[in-house]
Amino acid sequence: MKTLKTDIIPKRPTGIKVAAPHELDLKAICCFVATGFFLDSDTYWQDEKVLAPGCIHIIDDTGTLQGSEAYFEWHSSPRNLPFNQALDAFSELFENIVTEQTQGHRVILPLSGGLDSRTQAVALRNHASVNTFSYAFKNGYPETKIAKQIAQQLGMPFRSFEIQPGYLWTCIDALAKINGCYSEFTHPRQMAVINTIGSMGDLFSLGHMGDLLFDTMGLPQLNFDEEVSLIQERFVKKGGYELGALLWTSWGLIGDFDAYLKLRLSEMLSKITIGDTNAKLRAFKSRYAVTRWSSNNLSVFESAAPIALPYYDNRMYDFVCSLPEAYLSNRRLQIAYIKRHAPALAKITWQAQRPYNLYNYSRNRPPYNLPYRLFNKSKRILKGALNRPYVMRNWELQFVGEANDKHLKHHLFDSGLDTLVPLAHIELIYKKFKTHDAVCYSHPVSMLLTLAMFNNLFNK
């Protein structure tokens, strides 16, 4: 017998064998298609599971899981302390973690127009070697301009990249092997430039999960059934649900897909014993969506260089659980931290509140923001008229256009996917994506692409 301890939020999942047939877990795949991530400990296979986070696991000599015991439970235990004291504690904890993780390394820091990477830039302001970069979609919002201003203000070297249409098709085989087809392929845009950015230093410092921990859901207090309904609304994709239900029926699975999916989400939520709805939903997303979706895409960065994540440090979770919910709302702590230690950075545009910054973003409401919104809309219309449509989502660069469509159709219709998914379902989802609602059906199309790659590479 041996024991294995999993982090509260693991950087990568740890697979384990269980006593079951080595057959596809079709129910798990239906839920994966509906949400974009595998639920709880599910994998593609009935005899393979993922170890629960925040637990000590007992494993026998054959590598089979015998039992697990949690050493951390998500909780909400707010202390009665002044905001400035909470800010002091956050500043000390965050900077200590960043220093511990990066000391002696040549750091590679991805920058965006948001707050998570900006807080990291502040914490790294005195580090000896930090190389920064940012990327933007071709014909999309130029967030690299904001990132460049942040880097220049701190005197950090900076490189900008433009994510080109169709890059996915040159690297989809490598990406499928990196993430094991446990998440779809249109989100990790860093794959387009991973070889270049990986040579900029010897350690990535990544800001994943900061926006989840240091914000609130803004919800009223809900009862359990209302919380489950909200989770369904937020995590189940409309087009993904449609495809999952089709697969459930065609695979002859017993019971009702809707009832099964709701039961699974309900069981997962019931494991989190927190009364406050906002804290409970934050814990749910951290415990399940982050560990099975966000963390999976970290493997792209890790394929090029080691990774460090200050918001994944176990000490951060106890700290967040000890704060009043009001201190976690509207990114208050991160904003106050930036204003205190690098006020010049706080004057740079906050992309989510553009054109406003950390001092005046409260004016991002009518009538103050109407001129900018009208100008921005006019610019998008003009680009569309010039056949340069404004790109907001990565799938638009990978699925839209004649060249992309040729690659997409090859993977969906000529790769053998129909040995797993009925051809009629593939044709239906593809047709709805092309002619009905591209935004809604981009997700199930991407999930079909993921299943096609899995079927070719791993379903032997």
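How many residues lie between β4 and β5 in their hairpin, and which residue in the turn has a positive phi? The hairpin has five residues between the two strands, and Gly 63 in the turn has a positive phi of about 85 degrees. This is a predicted model, in which local features need pLDDT of at least 70 and side-chain atom pairs count only at pLDDT 80 or more, while totals for chains, interfaces and linings use all residues. Residues are numbered from 1 along each chain as its sequence is written, and side-chain values use heavy atoms, with hydrogens and water left out.

Strands here are DSSP runs of E with at least two residues, helices are runs of H or I with at least four, and both are numbered from the N terminus. Two strands count as paired if DSSP finds at least two bridges between them.

Strand β4 (residues 55–59) pairs with β1 over four bridges, and Lys 5 stands opposite Ile 56 in β4. With β5, β4 pairs over five bridges; there, Cys 55 stands opposite Ala 70. Buried means under 20% relative accessible area, exposed means over 50%, and partly exposed is in between, using a 1.4 Å probe and protein chains only.

Setting aside residues up to four places away in sequence, Met 209 touches Ile 9, Trp 74, Ser 286, Val 290, Tyr 311, Tyr 312 and Tyr 317; contact means heavy atoms within 4.5 Å.

Then there is helix α1 (residues 26–35). Eight of its ten residues are buried, so α1 is largely enclosed by the rest of the structure. The buried ones are Ala 28, Ile 29, Cys 30, Cys 31, Phe 32, Val 33, Ala 34 and Thr 35. They pack against α8, α9, α10 and α20. After α1 comes Gly 36, whose phi is positive, near 95 degrees.

Two of those partners, α9 (residues 238–250) and α10 (residues 257–270), also meet each other: their axes come within 10 Å and cross at roughly 115 degrees. On the α9 side the contact is made by Tyr 241, Gly 244, Ala 245 and Trp 248, and on the α10 side by Phe 257, Asp 258, Tyr 260 and Leu 261. These residues divide into six nonpolar, one polar and one charged. In this count Ala, Val, Leu, Ile, Met, Phe, Trp, Tyr, Cys and Pro are nonpolar, Asp, Glu, Lys and Arg are charged, and the others, Gly among them, are polar. The axes are lines fitted to C-alpha atoms, for helices over the stretch in contact, and angles run from 0 to 180 degrees between N-to-C directions.

Glu 227 lies in helix α8 (residues 224–235) and is buried, with a relative accessible area of 2%. Beyond its neighbours within four places in sequence, Glu 227 is in contact with residues including Gln 221, Leu 269, Thr 277 and Lys 280.

In helix α20 (residues 438–457) lies Asn 455, which counts as buried at 10% relative accessibility. Asn 455 and Leu 417 are 38 residues apart in sequence but 6.7 Å apart in space, C-alpha to C-alpha. The side chain of Asn 455 makes polar contacts with the side chains of Thr 419 (3.0 Å) and Asn 459 (2.8 Å). A polar contact is a pair of N or O atoms within 3.5 Å; within protein, one must be able to donate a hydrogen and the other to accept it, and residues adjacent in sequence count only if both atoms are side-chain atoms.
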